[in-house]
Amino acid sequence: MNSVECGRVRELIPRLARRLEREDVARAGKAPIRHAGPTAQVEAHLAACRECRAELELARALLRSRPPVPEGLADRIVMRLRQEREGARHPAWALTAAAIAALALGIGLHGDVPDPDAPPFAQEPAETWTWDPEDGVVAGAPMLDDLTDQDLTVLLTSLSTE
Amino acid sequence: MIDDEQSGERLADAELVARARGGDAQALDLLVRKYHASTYRLALSWMRDPDAAEDVVQDVFVKVFRGLDGFRGDASLRTWLFRITVNEAKGALRRVGRRREDPMDELGARAASGEDPAEEALVAREAERARAMLARLPEKQRLSVALRIDEGLSFRESGEATGSTEGAARGNYFHGIRRLRELMS
């Protein structure tokens, strides 16, 4: 067989194989065939050249065995990209700040309100604690260094009598 | 060689990319639906594990989404996508530490469309065998054959997708086909 002609046909084999497979699928599904078959010249070459015909059959076998794509894959990718888009619109630090604000607001709105539907044993008494400077060292409370000598004496006396 | 179909594809892709860059979510969704299957198959030919291949594909599209502004358009979108896929798959394999050895046979082949069930079964078996043999080829040959036959890429596009040249893609393809025919005989 003319090797120049083989070379030309072999270049066309992948496209030809895809076309023939599409035609087979269309025929099986009774759908109209939209693509013309190989040209008469290529067809004549394939009929005469066993090597090119074998290569075409190999290409068709590979196309038939293309691995199936998992169902719903495109939807999962689209979903992931939507999350990415949301992430780009609302960066993580903004979401964190919003979450903290929402939490703070939630505590402000609901923190002290017992659930009326909850059984009595599930309800904790509302917090009534207020800061007393005499409670000692707490965040924001006066430190020992801030006390005058007179205050310090009073404090030491009260501690020694308790 | 770029035929009319390919240049038409490129125009359509360029428009989708431009719309996606402008924040059109639907355009991005269309790109995903157009290319997810071929990207998945390419990833699978590297990873040889459906779950790992799906992870790679998800990461590829996230990278595409983040890198749309950097897409220059001098290569086709498909080639660019495949290039990212090859790089992502290589990275994923490095992280795993080794290539999975599971044979591709278990992935299953599409049923043949012949009408005689016995002939159909024979055709399907041959198709599965061809796919299993493809998995045995050296990496570059396997990739060149898969890109050309499974995805219909030209040699130039195959070269761009794999970071090599058109000549190398051509050589790898024809060596791969010859080796595959030897394995099949």
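Predicted model: local features only at pLDDT ≥ 70, side-chain atom pairs only at ≥ 80, totals over all residues.
A crossing of two helices is called right-handed if the near helix is turned clockwise from the far one by less than a right angle, and left-handed if anticlockwise.

Two packed helices are described by the angle between their axes and the distance between the axes. For helix 2 (residues 25–47) and helix 6 (residues 139–150) of chain B, the angle is about 160° and the axes are 11 Å apart. Because angles over 145 degrees count as roughly antiparallel, helix 2 and helix 6 of chain B are assigned to that class. The crossing of helix 2 of chain B with helix 6 of chain B is right-handed. Helix 2 of chain B brings Arg41(B), Leu42(B) and Ser45(B) to the contact, while helix 6 of chain B brings Arg142(B), Leu143(B), Ala146(B) and Asp150(B). Sorted by class, the residues of this contact are 3 nonpolar, 1 polar and 3 charged.

Attention now turns to the interface. Here 30 residues of chain A are in contact with 38 residues of chain B. On the chain A side, helix 1 (3–28), helix 3 and helix 4 (73–89) each contribute at least two residues. That side of chain A comprises 19 nonpolar, 1 polar and 10 charged residues.

Which helix of chain B does helix 3 of chain A cross at roughly 90°? The partner is helix 5 (residues 117–134) of chain B, and its axis comes within 8 Å of the axis of helix 3 (residues 50–64) of chain A. The two helices are therefore roughly perpendicular to each other. From helix 3 of chain A, the residues involved are Leu58(A), Ala61(A), Leu62(A) and Arg64(A). They meet Val123(B), Glu126(B), Ala127(B), Ala130(B), Arg131(B) and Leu134(B) in helix 5 of chain B. The contact of helix 3 of chain A with helix 5 of chain B holds 7 nonpolar, no polar and 3 charged residues.

Methods:
Residues numbered from 1 in each chain as written. Chains lettered and ligands numbered in written order. Axes fitted to C-alpha atoms, helices over the stretch in contact; angles between N-to-C directions. Helix = DSSP H or I, 4+ residues; strand = E, 2+ residues; numbered from the N terminus. Parallel < 35°, antiparallel > 145°, perpendicular 65-115°, else oblique. Contact = placed C-beta atoms within 7 Å. Nonpolar A, V, L, I, M, F, W, Y, C, P; charged D, E, K, R; others polar.
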